[in-house]
Amino acid sequence: MNPGDVLETQTYDVTRADLVRYAAASGDQNPIHQDESVATSVGLPGVIAHGMYTLALAARAVATWTGGAEVVDLGCKFTNPVVVPADGAVTVTVAGTVKSVDDGLTTLALEVTCDGQKVLGMPKAVVRA
């Protein structure tokens, strides 16, 4: 990888069944991630994906791009929810660019979107290649 390299965009479909499995694995059983009436009653547009699940999709893209390199740093701000429909799926898109390569560490600038809207703010990853 070299600075400026644009990485192949990765896409992931997210269904409500994925949210149920993530809730079971993570222990985050907040009903806004599974119950439409609860989600809308607190002002959300519908059931939303867990923020950490969305970040995990970004991490999955990083693993794909780097062949499973050691992740030294991974972070973001959660800026917009990923609304998951009752039927079908919503697609999360992860784009990446190599920002820098220095002293064995590669910094990747990420862009994570859903329906054309950024859902993670300033996501980045640093890996040891």
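**Close-up views of a predicted model**

Seven of the ten residues of strand E4 are buried, so this strand is largely enclosed by the rest of the structure; here buried means under 20% relative accessible area, exposed means over 50%, and partly exposed lies in between, with a 1.4 Å probe and protein chains only. This is a predicted model, in which local features need pLDDT of at least 70 and side-chain atom pairs count only at pLDDT 80 or more, while totals for chains, interfaces and linings use all residues. Residues are numbered from 1 along each chain as its sequence is written, and side-chain values use heavy atoms, with hydrogens and water left out.

**View 1. The whole chain comes to three helices and six strands.** Helices (H or I, at least four residues) and strands (E, at least two) are DSSP runs, numbered from the N terminus. Along the sequence these elements follow the pattern β-α-α-α-β-β-β-β-β. The chain has a radius of gyration of 16 Å, close to the 14 Å that the globule rule gives for 129 residues, so it is as compact as a globular protein of that length; the radius is taken over C-alpha atoms, and the rule is 2.2 Å times the number of residues to the power 0.38. Taken along the principal axes, the C-alpha atoms fill a box of roughly 50 × 30 × 20 Å. Of the 129 residues in the chain, 36% are buried. The UniProt annotation "domain: MaoC-like", from an unreviewed entry, covers residues 3-102; UniProt positions are given in the numbering used here, feature names are shortened, and annotations may be inferred rather than shown by experiment. The end C-alpha atoms of residues 3-102 lie 10 Å apart, and this span is 33% helix and 31% strand.

**View 2. Strand E3 (90-102) and strand E4 (residues 105-114) form a hairpin with two residues between them.** Ten bridges join E3 to E4, and the two strands run antiparallel; two strands pair if DSSP finds at least two bridges between them. The bridge partner of Ser100 in E4 is Thr107. In the turn, Asp103 has a positive phi of about 55° although it is not a glycine. Asp103 is exposed, with a relative accessible area of 75%.

**View 3. Thr107 lies in strand E4 and is buried, at 15% relative accessibility.** Leaving aside its neighbours within four places in sequence, Thr107 is in contact with Thr97, Val98, Lys99, Ser100, Ala125 and Val126, where contact means heavy atoms within 4.5 Å.

**View 4. Strand E6 (residues 120-128) is joined to strand E2 (residues 70-78) by seven bridges and to E4 by five.** E2 and E6 run antiparallel, and E4 and E6 likewise run antiparallel. Lys124 in E6 has Gly75 standing opposite, and Ala109 also stands opposite Lys124. Met122 is found in strand E6, where its phi is near 50°, a positive value in a residue other than glycine. At 62% relative accessibility, Met122 counts as exposed.

**View 5. Strand E4 and strand E5 (residues 117-118) pair in the antiparallel sense over two bridges.** Thr113 stands opposite Lys118 in E5. This hairpin of E4 and E5 has two residues between the strands, and Asp115 takes a positive phi near 50° in it.

**View 6. The structure holds one aromatic pair.** The rings of Tyr22 and Tyr53 have their centres 5.3 Å apart and their planes at 65°, so the pair is edge-to-face. Rings of Phe, Tyr and Trp (its six-membered ring) pair if their centres lie within 6.5 Å, and planes under 30 degrees apart count as stacked, over 60 as edge-to-face and the rest as tilted. The pair links distant parts of the chain, with Tyr22 in helix H1 (residues 16-26) and Tyr53 in helix H3 (residues 51-66), 31 residues apart. Tyr53 is buried, with a relative accessible area of 14%.

**View 7. Ala61 is found in helix H3 and counts as buried, at 0% relative accessibility.** Apart from its neighbours within four places in sequence, Ala61 is in contact with Gln10, Tyr12 and Val94. Ala61 and Ala95 are 34 residues apart in sequence and 8.3 Å apart in space, C-alpha to C-alpha.
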